[in-house]
Amino acid sequence: MLMRKFTYIKGLCALMLCLILTLCGCSASPGGMSSADYSAVTNPTATNAAGIATTSRTLVDNPINFEELRSINTDLYAWIEIPDTSINYPVAQSSNEDDNFYLHHNYQGNYEFAGTIYSQRQNSKYFGDPVTVLYGHNMLNGSMFADLHKFSDKEFFDSHDTMYIYTANRIFTYKIFAAYEYDDRHILNSFDFADKKVFEVYLEDCLNPHSANANVRKGVKLTTDDCILVLSTCTDYNSSLRYLVQGVLINEQETN
């Protein structure tokens, strides 16, 4: 009788742990997209994001082959890169009824716990919304958005202020201005960013986050004319918290 009770409690604990990992977006397995081969869709001869060069040409080469990317999956519409992190992934937006399809489906559309970096349909695919939110798991093997947590280190935050979004004919450059823990509210459902007053208060909060481990870049000023990119992932220890890295659009460049 005692043994059966122990077995039951042990099974219940295992089930609860599994649920917590699922909610938190973490994985105890080494699976993930970090081993995916993107060589077919990246252009090694193009100017890379960390050093976009000005040349006599009006347009720069796009390092991503979006024609090839879309032949893999038409839901893939962008690419994100953050220098000196493992974050160098395609970005998806679901075309089916499940807005969170890519929470647990890879870039090919096949089930995989690690999922894909993705946005929801509340955001356009053109990165012109007041606030665009991209979601990704905090994988224990360091893949997906796990490296966002590097920005909790002040030295790393201070020395890394740029991230890039590629689309079929654009490179968007963002200045990273804040990184901090936040609650798990749905940002796009919680604020009416079409209301300038609401957006203004939100931006003020972004520059003055209520988080003990916040890093905020000095000298950054935000206005309601800005476009903000929010990257959201889980924390390692609390499923009701999210870790956010935020950037403001500072350059938009056409590509070939």
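**Group meeting: aromatic pairs and the nonpolar core**

Okay, let's start with burial: of the 256 residues in this chain, 48% are buried. Keep in mind that this is a predicted model.

Now the layout. The chain has five helices and nine strands. If you walk along the sequence, they come in the order α-α-β-β-β-β-α-β-β-α-α-β-β-β. As for contacts, take those with a separation of 6 or more: 67% of them are between residues 24 or more positions apart.

On to the rings. How many aromatic pairs does the structure hold? Ten. I'll show you two of them.

Take Tyr 180 and Tyr 182. Their ring centres are 6.2 Å apart and the planes sit at 80°, so we call this pair edge-to-face; the cut-off for that label is over 60 degrees. Are these two tyrosines buried or exposed? Tyr 180 is buried, at 3% relative accessible area. Tyr 182 comes out at 18%, and because buried means under 20%, Tyr 182 counts as buried too.

Compare that with Phe 191 and Phe 193. Here the centres are 5.7 Å apart with the planes at 25°, so this pair is stacked; stacked needs planes under 30 degrees apart. Both of these phenylalanines are buried. They also belong to an aromatic cluster, together with Phe 199 and Tyr 202.

One more ring before we move on: Phe 157. Arg 217 lies over its face, 4.2 Å from the ring centre.

The largest nonpolar core has 68 residues. Which of them touch the most other members? Those are Leu 134, Tyr 202 and Leu 231.

Let's zoom in on Leu 231. What is Leu 231 in contact with, once you leave aside neighbours within four places in sequence? You get Ile 80, Ile 82, Leu 134, Phe 145, Leu 148, Met 163, Tyr 243, Leu 244 and Val 245. Notice Leu 134 in there, another of the residues that touch the most other core members.

Key:
Residues are numbered from 1 along each chain as its sequence is written. This is a predicted model: local features need pLDDT of at least 70, side-chain atom pairs count only at pLDDT 80 or more; totals for chains, interfaces and linings use all residues. Side-chain values use heavy atoms; hydrogens and water are left out. Helices (H or I, at least four residues) and strands (E, at least two) are DSSP runs, numbered from the N terminus. Buried means under 20% relative accessible area, exposed over 50%, partly exposed in between (1.4 Å probe, protein chains only). Contact means heavy atoms within 4.5 Å. Rings of Phe, Tyr and Trp (its six-membered ring) pair if their centres lie within 6.5 Å; planes under 30 degrees apart count as stacked, over 60 as edge-to-face and the rest as tilted. A charge sits over a ring if NZ of Lys or CZ of Arg is within 6 Å of the ring centre and within 35 degrees of the ring normal. A nonpolar core is a set of buried Ala, Val, Leu, Ile, Met, Phe, Trp, Tyr and Cys residues joined through side-chain atoms within 4.5 Å.
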